[in-house]
4 protein chains.
Amino acid sequence: MPIPAPNLHPTFNIVRLSHVELRVTDLEWSRGFYVDTLGLQITHEDHDTIYLRAMEERGHHSMILRRADVPSVGVLGFKVWEDEDLDRAEAWFKARDLPVAWIERPFMGRTLRTRDPWGIPLEFYATMDRLPTIHQQYKLYRGVKPLRIDHFNMFASDVDASVAFYGAMGFRLTEYTADEITGRTWAAWMHRKGGVHDVAFTNGTGPRLHHTAFWVPTPLNIIDLLDLMSTTGYLANIERGPGRHGISNAFFLYIRDNDGHRTEIYCSDYQTVDPDLEPIRWSLTDPQRQTLWGAAAPRSWFELGSTFDGADLRDSDLKSQPIIAP
Amino acid sequence: MPIPAPNLHPTFNIVRLSHVELRVTDLEWSRGFYVDTLGLQITHEDHDTIYLRAMEERGHHSMILRRADVPSVGVLGFKVWEDEDLDRAEAWFKARDLPVAWIERPFMGRTLRTRDPWGIPLEFYATMDRLPTIHQQYKLYRGVKPLRIDHFNMFASDVDASVAFYGAMGFRLTEYTADEITGRTWAAWMHRKGGVHDVAFTNGTGPRLHHTAFWVPTPLNIIDLLDLMSTTGYLANIERGPGRHGISNAFFLYIRDNDGHRTEIYCSDYQTVDPDLEPIRWSLTDPQRQTLWGAAAPRSWFELGSTFDGADLRDSDLKSQPIIAP
Amino acid sequence: MPIPAPNLHPTFNIVRLSHVELRVTDLEWSRGFYVDTLGLQITHEDHDTIYLRAMEERGHHSMILRRADVPSVGVLGFKVWEDEDLDRAEAWFKARDLPVAWIERPFMGRTLRTRDPWGIPLEFYATMDRLPTIHQQYKLYRGVKPLRIDHFNMFASDVDASVAFYGAMGFRLTEYTADEITGRTWAAWMHRKGGVHDVAFTNGTGPRLHHTAFWVPTPLNIIDLLDLMSTTGYLANIERGPGRHGISNAFFLYIRDNDGHRTEIYCSDYQTVDPDLEPIRWSLTDPQRQTLWGAAAPRSWFELGSTFDGADLRDSDLKSQPIIAP
Amino acid sequence: MPIPAPNLHPTFNIVRLSHVELRVTDLEWSRGFYVDTLGLQITHEDHDTIYLRAMEERGHHSMILRRADVPSVGVLGFKVWEDEDLDRAEAWFKARDLPVAWIERPFMGRTLRTRDPWGIPLEFYATMDRLPTIHQQYKLYRGVKPLRIDHFNMFASDVDASVAFYGAMGFRLTEYTADEITGRTWAAWMHRKGGVHDVAFTNGTGPRLHHTAFWVPTPLNIIDLLDLMSTTGYLANIERGPGRHGISNAFFLYIRDNDGHRTEIYCSDYQTVDPDLEPIRWSLTDPQRQTLWGAAAPRSWFELGSTFDGADLRDSDLKSQPIIAP
C-alpha cells in the first residue's frame with residue numbers, strides 16, 4: 001500500500017502520548033518492579049492504584065497501576081494542545097461512529113473517553129495536575145533512571161488500516177517495514193511529539209499492547225538495570241536486549257512484568273519535527289531493521305502482548321510470515 | 001517584569017532553528033576545526049564556502065562557513081512549517097517596520113530575509129534540499145559525534161524586550177533568570193521544537209551571538225572531544241567545561257574557534273512540548289543556575305561574543321551586575 | 001577435584017601474557033578487521049606479517065598476523081620478570097620432558113620456545129623492543145579503542161590437569177566452574193598480572209584457542225564497535241554479546257574473524273593481586289555464571305576454536321554436558 | 001636528580017596499599033559523606049569508629065573513620081605478600097633507625113607499626129579478615145560506585161628523598177615531574193600493584209596527606225556523584241574537576257570532607273606491571289601534566305592537606321614555585 005502523505009493540518013492537536021493504565025494482579029509485586037527496580041516515582045498511592053511519573057515529567061502521572069483480577073491494559077492516554085481540541089476530537093470520533101464519553105479521572109481535567117476502530121481504549125485531555133520538578137533532585141534517581149514515557153507499541157491485525165486511522169489524527173510516519181510480496185505494511189512508527197514515535201503498530205493478532213517505552217539518559221543506565229534485575233530476583237523478567245534497533249536507531253532493552261506487561265527501556269532515537277521528514281522504508285527481509293547487530297529476538301517477543309480491556313482480538317491475515325518478523 | 005503568557009497560536013509556524021552562517025578568516029583552519037575535530041560532515045564545498053550538517057540531520061546544512069576578511073555571523077536560519085508561513089512571516093515583520101526581502105539561497109527553497117528589531121539577521125524557509133540519512137553510517141562518525149544543531153544563544157541589551165519579541169513569534173519560555181533587584185529578566189531560554197531552547201538571550205552588549213550549540217549522544221563524547229582537542233593543537237580553543245548547567249540541566253562544553261565563534265557541545269536537556277509547561281525561574285544570586293557543580297566560568301565566557309553582520313551594538317543598562325552573571 | 005593451593009613462590013616469574021601469533025589466510029582482510037575496525041595500531045608491517053599493539057602498550061607487539069595457507073595459532077607469548085627467569089623456565093620445562101629451544105624472534109630479546117603437555121606452543125622472553133607511548137595521542141584512537149591485551153582462553157581436554165600445570169608455573173586461580181556430578185573442574189580462570197585472568201581453560205576438544213581478549217575503556221566503546229561492524233560489512237563476524245559474564249563480572253563482546261579466530265572485547269573485571277584471594281566457585285548448573293543477564297550464547301561459541309600449530313587434538317571425557325556449558 | 005633504577009628485588013614484598021585511618025570530628029557527618037554519598041560500605045561500626053570497604057574489596061576495610069577532637073590521618077596501611085615479609089620489614093626499618101612495634105589491630109593479623117623518615121605513620125600486615133564478595137550485589141551500589149582504594153598522594157618536603165626511600169622499599173616509578181631549573185623532582189608517582197601508583201609525592205610542606213583515591217567504573221559515575229553532591233548539600237565539598245590529568249591519564253574529581261580530608265575519585269589509568277616500564281617525565285613548565293584539558297586547579301588544591309598524627313611539618317626548600325605547580 002502506498003504510504004499516505006502526512007496530515008499536516010489535523011482536526012485536533014495531539015501533543016504527545018501521556019499515560020497508560022496497567023491492570024495488575026499483584027499490586028505489591030508491581031510496586032517492587034516499577035518503583036524499586038525501574039525507578040518510577042510514586043505521585044499517588046491508595047489501596048488499589050499507584051500513580052507514577054518519570055524523572056523529568058511534570059504531569060501527575062504517565063503510568064497507573066490498578067489492582068485487577070485479570071491483567072489487561074485499561075487505557076492509553078494522550079494530551080491535546082488545548083481544551084477546544086477535546087471538542088474537536090469528540091466530533092471527529094463521533095463522525096466515525098466510535099463511542100465517546102466525557103469521564104471523570106482523578107488528577108485530570110476534562111477527559112474524553114473513546115476507542116479506535118479496533119477497540120483500543122483511548123482517552124484525551126488537555127490539562128492534568130502539574131507537579132514540581134524533580135529532574136534535578138538527583139537523590140531520587142534509582143534503577144534505570146527513567147526520564148519520560150516515550151511511546152506505545154501495539155499489535156495490529158491490519159497495520160495499513162491503523163496507519164491510515166492514526167495518520168488521519170495527525171500522527172506522522174517516521175519509519176516502516178514493507179512486505180514486498182503482499183505490498184502491505186508490516187510495521188509502522190508514527191509520532192506527534194518530535195521523536196521517532198508516540199505510537200507504533202506491528203502486524204499480529206490485535207489489538208494488543210506490545211509495550212510501553214520509557215526514555216533513559218544513556219546505554220549505561222540500561223546496563224545498570226540489567227545488573228540490578230539479574231541479581232535481585234528479576235532475571236526471568238529480562239526478555240530481550242540490550243541491542244540496537246535498525247528501525248529508530250534505538251538502544252533498547254525489553255522487560256516483562258509478572259502479568260506479561262512489557263516495557264521497553266530506550267535511548268538514542270532522533271529528532272523528527274520537520275513536516276517534510278521522509279519516512280524510512282525497511283524491507284521485511286532485512287533482519288537488521290530489528291536488530292542492527294544481528295542477534296535474533298526470542299519467540300515471546302514476537303508473540304506475546306497485553307490485551308486491552310474490552311477489545312476483541314482479531315487475527316492478522318498476514319500470518320504466514322517468518323518468525324523473524326516484524 | 002512579569003513573564004508573558006506563551007503565544008499558543010502564533011501567526012506563522014516556526015518549526016525549529018535551522019542553520020547559522022559563520023564568516024571566518026581562515027577557511028582551511030575552520031575546516032580542520034569543524035570537520036576534522038568536531039566531526040561535522042561536509043555537504044558542499046567550494047572556494048569560499050563549506051556547508052556542513054550533523055549526523056542525524058537530513059536538511060542540506062546547519063552550518064555555513066564563509067570566507068571573509070573580518071569574522072562575523074552572517075545569518076541565523078529558521079525552518080517554518082509550510083510555504084504559506086513564509087508569507088505570513090513577511091506580513092508580520094512588515095507590520096513591525098522591519099526590513100523584508102525574498103532572497104536566493106543555494107540548496108534552499110523560497111527564503112525570506114529580515115532582521116529582528118536589534119538588527120539580528122534572520123532568514124526563514126520552508127524547504128531545503130533533503131539528503132540521504134547518514135545516522136547509521138557509523139564509519140562517518142568522528143570527533144564529538146555531533147547529532148544535530150540545538151540552539152542559538154545571543155547577548156541582548158534588553159532581554160525582556162527580546163523575550164517579548166520572540167515570544168510574539170511563538171517561542172515559548174522554558175527557563176529564565178530573574179534579577180530580583182531590578183525586576184528585569186537577566187537571561188531567558190525559549191523553544192519551538194520541544195527541547196529547552198531554540199534561542200536564548202543573555203544580558204550584555206548586543207546583539208551578539210554567544211554560541212551555537214550542537215547536541216551529542218552522551219557526556220563521554222564530550223570527554224572524547226576534550227582529549228582530542230587537547231592533544232592535537234586545540235588546547236587554547238577549550239574555553240569552559242565540562243560541567244552541568246543548573247539551567248536546562250545540560251552537560252556542556254564550550255569551545256571557541258580562532259575567529260572567536262563559540263560552540264556549545266551539549267547533551268541531556270528535557271522535553272518541553274507541553275503548552276502548559278511552567279517556566280523555571282532562577283535567581284540571579286544563585287550560582288548553581290550556571291554551573292550546578294559550582295565551578296566558575298572564565299571571564300571570556302561572560303564577555304566575548306560574535307557580532308552579527310550589519311547590526312549595531314548597544315550596551316545593556318543592566319551593566320552593574322557581578323561577573324558571576326549571567 | 002579439590003582446588004590446589006596457589007604456588008606463591010614459583011620457580012620462574014611470569015609477569016603477564018604478552019602476545020599471540022594468528023596465522024591468517026587473507027592478510028589484507030585481517031588488516032581491515034584488526035586495524036581499521038578494531039583499532040589496533042601497526043608497529044611493523046611487511047609482505048607476510050603485521051605486528052600490532054593496543055593503545056597503552058609499550059612493548060612492540062601484542063598480536064602478530066602472519067600470512068598462511070591454513071589458519072592456526074602460531075604461539076602464545078609471555079613476558080617474564082628478568083633474563084634469569086628464562087633459564088629457570090628452561091630447566092622447569094626440561095624437567096617435565098617438554099621440548100625447549102632458544103629462538104630468534106624479531107623485536108624480542110632472548111626467547112625460550114616450548115610447549116605445554118598438550119602441545120600448546122609457548123614462548124617466554126624478558127625484553128621486547130619498547131616503543132614510545134601513544135596512549136595520549138587521542139587522534140590515533142579508532143574502532144573499539146583497545147587499550148591492552150588481557151587474556152587467552154583455551155579449550156582443554158582435561159581442565160583439572162591444565163589448572164595443575166599452569167598453577168605450578170605460578171598462575172593463580174580466581175574463579176572456576178565445578179561440575180558437581182563428576183567433581184571435576186569444568187572451566188578455570190588464572191592470572192599473573194593482577195586481573196581476573198591471563199589464561200583460562202574451558203572443557204572441550206583441546207588444545208584450541210577459544211579467544212584472545214583485549215581490554216577497552218567502557219561499555220560504550222563496545223557499543224560503538226557493534227554499530228561500526230554492523231554497518232561496514234562485518235555483521236556476520238559478531239558472534240555473541242554485548243552482555244555481562246557472571247564469572248569475572250566482565251562486560252563482553254565476542255567477534256570472530258574470517259579465519260575463525262575469536263576476539264573478546266572486554267571491560268570491568270576486578271583487581272586480584274592479593275595472594276590470599278579466594279577463588280570464586282560457580283556451579284555448572286548456574287547459567288548466570290556465563291551470562292549474568294540470562295541470554296544464551298550461540299552454539300558456535302561453545303564449539304568453535306582455533307587450532308594451535310603442531311598440536312594434536314584430544315576429546316574431553318566430560319563430553320556429556322549440556323550445550324549450556326561451559 | 002637522576003631517576004634511580006627500580007629495585008626489582010626488594011627485601012620485603014609489599015602487595016599494595018590497603019587502608020587509611022581518617023580522624024574526623026563529626027562521625028555522623030562523615031558517615032553521611034563517605035557512606036550515603038560516596039557509597040562506601042560499612043563493614044563494622046561502633047561508637048567511635050566506622051570501618052568501610054569499596055565494592056570489589058574482600059579485605060575487611062580500606063578506610064577507617066575514627067572520632068577525634070582534631071582531624072588528622074592516623075595511619076597508612078599496606079598489605080605484604082606473606083607473614084615472613086613482616087619480619088623482613090621490621091629488620092629493614094630497624095636498620096634505618098626507624099621506630100617499629102608489633103601492634104594489635106581489629107580485623108587484622110600480625111601488624112607492624114612504623115614511620116617513614118618524615119614521620120608518616122605506616123602499618124604493614126599480611127592477613128586481614130576476608131569478607132564475602134559484594135561486587136555482584138548490584139542493589140548495594142550507591143553514590144559514585146567506588147570499586148577499590150587506589151592510591152595515597154602525599155605532600156613531601158623533599159620529593160627526591162621520598163622517591164629514594166620508597167623506591168628502596170620496592171615502589172617503582174611510573175611518572176614524575178622534573179624541575180628543569182633545580183634538577184630536582186617536583187612530584188613522583190610510584191606503584192606496587194600494577195597501576196600508575198600506590199603512593200605519590202608532591203613538593204610542599206610535609207608530610208601531609210594530599211588525598212586518598214578510589215577507583216570507579218567510568219567517568220559517568222563521577223558525573224553522577226557531582227549531580228548528587230551538588231543537590232544534597234555537598235556543593236562546597238566539590239573542590240576540583242571533573243577533568244583529566246596529563247600525568248596518569250586519569251579522569252578525576254577531587255572532593256574534601258568537612259575535616260579537610262581530600263578524596264580523589266578516579267578512573268582510566270593504565271597497566272604498569274612490566275619491570276622495564278619507562279617512567280614518563282613531565283616538565284614543571286608543562287601545565288597539561290596537571291590538567292590535560294587546560295583548566296587550572298584552585299589554590300586550595302595546591303595548598304591544603306591533612307596532617308599525619310604525630311608527624312612534624314617541614315617546609316620544602318623548593319618553595320619558590322609558581323602556583324601552577326605541581
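User: How many residues are in the largest nonpolar core, and which have the most contacts inside it?
Analyst: That core has 363 residues, and A:A188, B:A188, C:A188 and D:A188 have the most contacts inside it. A nonpolar core here is a set of buried Ala, Val, Leu, Ile, Met, Phe, Trp, Tyr and Cys residues joined through C-beta atoms within 7 Å; buried means 20 or more other C-beta atoms within 10 Å of a residue's own, with C-beta atoms placed from the backbone. This is a predicted model: local features need pLDDT of at least 70, side-chain atom pairs count only at pLDDT 80 or more, and totals for chains, interfaces and linings use all residues. Residues are numbered from 1 along each chain as its sequence is written, with chains lettered from A in the order in which they are written.

User: What does D:A188 touch?
Analyst: Leaving out residues up to four places away in sequence, D:V159, D:V163, D:L173, D:Y176, D:A200 and D:F201. Touching, or contact, means C-beta atoms within 7 Å, placed from the backbone.

User: Switching topic: which domains does chain A have?
Analyst: Domain 1 (14-129) and domain 2 (143-307), with bounds from an automatic or database domain assignment. Their C-alpha centres lie 20 Å apart.

User: How many residues does the contact take from each?
Analyst: 31 from domain 1 of chain A and 35 from domain 2 of chain A.

User: And which element gives the largest share on the domain 1 side?
Analyst: β1(A), with 8 residues. Strands are DSSP runs (E, at least two residues), numbered from the N terminus.

Technical notes: Buried ≥ 20, exposed ≤ 12 C-beta atoms within 10 Å, placed from the backbone. Contact = placed C-beta atoms within 7 Å. Helix = DSSP H or I, 4+ residues; strand = E, 2+ residues; numbered from the N terminus.
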